[in-house]
Structures are given as structure tokens and as C-alpha cells.
Amino acid sequence: RITSRSKGAGHKNKYRLVDFYRKKDDLKAKVERIEYDPNRSAHVALVKYEDGSINYIIAPSKIKIGDEIISGKNKEIQIGNCMPLSNIPVGTDIHNIELLPKGGGKLVRSAGSSAQISGSDENYSIVKLNSGEIRKIISSARATIGSVSNTDHQNIKIGKAGRNRWKGKRP
């Protein structure tokens with residue numbers, strides 16, 4: 001039964017639970033591998049924390065297997081690290097930005113995208129998004145440093161009608 005136009009069929013996808021919160025503060029994590037994810041345009045990275053737990057995160061570009069990342073306040077400005085906007089210097093590229101503190105990353109999550117911190121005033125940070133929009137976001141909200149992986153996503157040619165069918169797009 002067709003319930004919505006031009007959607008349906010397609011290859012079965014296993015859903016990867018991605019950690020948009022990055023709440024494990026002051027625990028180092030090592031990048032185990034970088035994987036393709038059929039449910040999003042960006043790649044995902046499997047990270048293993050010091051306490052033995054593993055999580056998927058959105059893979060930042062230029063991150064390699066074996067790199068160490070960490071979340072928390074006043075950490076090193078390094079690709080993949082997650083910290084409050086108040087701790088990130090002006091002009092830094094960021095992604096996976098929370099709109100509200102402890103709300104999980106909502107902005108800048110698709111392949112190749114990044115935003116930039118352009119300033120701060122009192123309790124807010126001024127963030128320039130990829131679209132050109134400038135937003136005031138509360139400074140205690142978190143963001144991850146770096147731009148999102150898979151920057152060549154926009155250059156992919158589908159090539160044939162069948163490939164769209166694999167994706168679940170019907171004519």
C-alpha cells in the first residue's frame with residue numbers, strides 16, 4: 001500500500017545510534033574506526049572511551065583512526081573535542097551545535113558543513129551558520145570543533161535511476 005508519494009522500497013538500513021550529547025566529560029576517547037552511515041550524509045566515527053563504553057559520533061573531517069578526543073570545559077582546541085561555546089575562541093570552525101544547554105547537537109550536522117564563532121556578548125555567543133544566518137546561542141551550550149566529514153558528498157553523481165530506487169525514492 002502506498003501511503004506517501006514517491007517514497008518507499010529501498011535497501012534495508014541498520015540505524016546507528018549517534019551520540020549528539022557528548023556528556024562523558026573529562027574521559028578520553030580513541031577513534032576506533034570511521035564508517036559509512038546510510039541514514040545521514042556525513043560519516044560516523046566509532047569512539048571507545050577510557051571506561052570501555054563505545055559510541056558513534058559524527059565524524060569531523062581530518063580526524064584519523066587512533067586520534068584521541070575529549071569533552072568538557074577548558075579542553076584543548078583540537079578537532080573532535082566538544083566544549084561549551086564560551087571556551088571556544090572566535091573564528092574557530094564548529095559543528096554539532098546545541099541550541100539549549102544539555103539539549104544535544106541540533107545545528108550543523110550534514111556532510112561538509114561548519115559554522116563559525118564570530119563573537120560573544122554577556123551570556124551569548126554569536127555564531128555564523130553555513131547559510132549565512134547569524135544566531136545568538138547561549139554560551140553554555142556545547143559544540144564540537146572542526147567541520148563535518150565527507151565534504152565531497154555534494155559532488156556525487158547518482159548515475160542511474162536504480163541507485164535512487166536503492167535509496168527509497170520512487171518515480
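The legends below describe close-up views of one predicted protein model.

In this predicted model, local features need pLDDT of at least 70 and side-chain atom pairs count only at pLDDT 80 or more, whereas totals for chains, interfaces and linings use all residues. Residues are numbered from 1 along each chain as its sequence is written, and side-chain values use heavy atoms, with hydrogens and water left out.

**View 1. The protein as a whole has 1 helix and 12 strands.**
Helices (H or I, at least four residues) and strands (E, at least two) are DSSP runs, numbered from the N terminus, and from that end the elements run β-β-β-β-β-β-β-β-β-β-β-β-α. The C-alpha trace spans about 55 × 40 × 30 Å along its principal axes. Of the 171 residues, 37% are buried, where buried means under 20% relative accessible area, exposed over 50%, and partly exposed in between (1.4 Å probe, protein chains only). Among contacts (heavy atoms within 4.5 Å) between residues at least 6 apart in sequence, 55% join residues at least 24 apart.

**View 2. Four strands form an open antiparallel sheet in the order 3-2-1-4.**
Strand 3 (54-58) and strand 4 (68-69) are the edge strands, each pairing on one side only; two strands are taken to pair if DSSP finds at least two bridges between them. Strand 1 (residues 29-35) and strand 2 (residues 44-49) run antiparallel and are joined by 6 bridges, and Arg33 has Leu46 in strand 2 as its bridge partner.

**View 3. Ser61 lies in the loop between strand 3 and strand 4.**
Ser61 counts as buried because its relative accessibility is 17%. Leaving aside residues up to four places away in sequence, Ser61 touches Ile79, Ser147, Val148 and Ser149.

**View 4. The largest nonpolar core holds 15 residues, of which Leu85, Ile88, Ile94 and Ile97 touch the most other members.**
Strand 9 (115-121) and strand 12 (142-145) are the elements that give two or more residues to this core. A nonpolar core is a set of buried Ala, Val, Leu, Ile, Met, Phe, Trp, Tyr and Cys residues joined through side-chain atoms within 4.5 Å. When residues up to four places away in sequence are not counted, Leu85 touches Ile94, Ile117, Ser125, Ile137, Ile138, Ser139, Ala141 and Ala143.

**View 5**
On a 1 Å grid over the protein atoms alone, a pocket is an open set of points with protein on both sides within 12 Å along at least five of seven lines, a cavity is a set of points where a 1.4 Å probe fits but cannot get out, and lining residues have an atom within 4 Å of a point. The lining of the largest pocket has 5 nonpolar, 7 polar and 5 charged residues.

**View 6. The second largest pocket holds about 270 Å³ of space.**
Among the 13 residues that line this pocket, Asp25, Lys73, Lys102, Ser140 and Arg142 lie nearest its centre. By class, its lining has 3 nonpolar, 3 polar and 7 charged residues, with Ala, Val, Leu, Ile, Met, Phe, Trp, Tyr, Cys and Pro counted as nonpolar, Asp, Glu, Lys and Arg as charged, and the others, Gly among them, as polar.

**View 7. The structure holds 1 cavity of 30 Å³ or more.**
About 40 Å³ of space lies in the largest cavity, a volume being the space filled by probe spheres set on grid points that are joined across faces, edges and corners. This cavity is lined by Asp19, Phe20, Arg22, Ile57, Ile58, His95, Asn96 and Thr144.
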